[in-house]
Amino acid sequence: MKFECSAQELLAGLINATRALSPRPAMQILEGVLLNAQEDEVELMCSDGSLSIKSRIKANVSDPGQVVLPGRLLTEIVRKLPEGTVHFSMNDRMVVTIRCCQSRSTITGMSPADFPQMKDLINTHALHFPQKRLRDMISKVTFAIALQESRQALTGCLMEVTSDELRLVGLDGFRLALQRMHDQFVLPDGVDKVTAIIPGRVMNEIAHIMEDDDGMATFHLDSTHLMAVMGNTTLVTSLLAGEYINYRQILPTSWLTRVTVKRRELQDAIERASLMAKEGKNNLIRMKATQDNLKITSMSELGDVLEDLDAHLEGEDIEIAFNARYISDVIKNVDEDCCTLCMNTNVSPCVISPLEGDSYLYLVLPVRVYN
């Protein structure tokens, strides 16, 4: 094997591919990145057994070949190289020499024979999404995905696609995040809705790989796997099995209290109140909504905080308490000037949504408190 390529492009490809590496791989071969030099490009692929990521970079290949090199070590070596062209060559003992300007490194490679193959879903139905919008949706949902849950499906993100809407849902038992994209999507013949539960870690990796431009991401799905194609990078992952919670049953259909407040002021007030709340036993903040006013308080043995905000109230006055971290995480993911908080009682869910439209919806469970 012998090729040369741009050091910057090689590093970008390695960064994307090595996102699939597990911190504790089951086999030594899964610590590696497979380099496949062919024609005018080099494929870089990593896998942890259930997630595989392949990146393609342009290269001048004089001798095609394959080898598996330690993924993280190779990435750090290339990261430290000077800008310019990097030259790879391999001898018959699978020792790879890497040269760039005045730098030379050698790495002993492994045979690619035992490296897992990437599942090919290219012949399944394709769904196309604008990368920039999808990346933004993912970033505003994944915080609500459960990290450790006896019900495995909740460690994933629910994706629902109909002919005119994409929905992403994250739910951990204390809060729910829902993002909507209204667009036209072509579904397989005879199918009204495509549904998949994508592992939360994978959704984060997809968002990191996507580019901040108007390019399209293409998703291919079967009953057990997802293939996402984003520019020169392809990701294949196993989907989570099981039934997702029927989140529609959780969402209130009416409200008795609706508070409209400036989002930036609300976020700042919650963050200041959270400083004192985390010093207490329960990390609680309280909200009291009355006509044209929203008071936010927190207390601990060290002191207390009072925040007084202008707000517009529709309906009944209410006093309600939240875990400071849960309500703060939600408000951080609202990017409009104003938002609304809809509530029925101080023990029923609070729904945060935009003033107009339905592009997002967040739900937070309150904490029952006794005066």
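**Salt bridges and a helix pair**

Colleague: How far apart are the closest N and O atoms where Arg325 forms a salt bridge with Asp329?

Modeller: This is a predicted model, in which local features need pLDDT of at least 70 and side-chain atom pairs count only at pLDDT 80 or more, while totals for chains, interfaces and linings use all residues. Residues are numbered from 1 along each chain as its sequence is written, and side-chain values use heavy atoms, with hydrogens and water left out. A salt bridge is a side-chain nitrogen of Lys or Arg within 4 Å of a carboxyl oxygen of Asp or Glu. For Arg325 and Asp329, the closest N and O atoms are separated by 3.9 Å.

Colleague: Which helix holds both Arg325 and Asp329?

Modeller: Helices (H or I, at least four residues) and strands (E, at least two) are DSSP runs, numbered from the N terminus. Arg325 and Asp329 are four residues apart, about one turn of the helix, and both lie in helix H6 (residues 324–332).

Colleague: Is Asp329 buried or exposed?

Modeller: Buried means under 20% relative accessible area, exposed over 50%, and partly exposed in between (1.4 Å probe, protein chains only). Arg325, with a relative accessible area of 46%, is partly exposed. Asp329 has 17% relative accessibility, and therefore counts as buried.

Colleague: How many residues apart in sequence are the parts that Glu160 and Arg248 tie together?

Modeller: The side chains of Glu160 and Arg248 meet in a salt bridge, at 3.2 Å from N to O. Glu160 lies in strand S11 (residues 156–162), whereas Arg248 lies in the loop between strand S17 (233–238) and strand S18 (257–262), so the pair ties together parts whose separation in sequence is 88 residues.

Colleague: Which residue forms a salt bridge with Arg135?

Modeller: Arg135 is partly exposed, with a relative accessible area of 26%. The closest N and O atoms of the salt bridge are 3.3 Å apart, and the partner of Arg135 is Asp212. The pair links distant parts of the chain, 77 residues apart, with Arg135 in helix H3 (residues 131–139) and, in the loop between helix H4 (200–209) and strand S15 (216–221), Asp212.

Colleague: Which residues are linked with Glu165 in a network of salt bridges?

Modeller: A search of the whole structure finds 23 salt bridges. In one network of salt bridges, Glu165 is linked with Arg167, Arg180 and Asp358.
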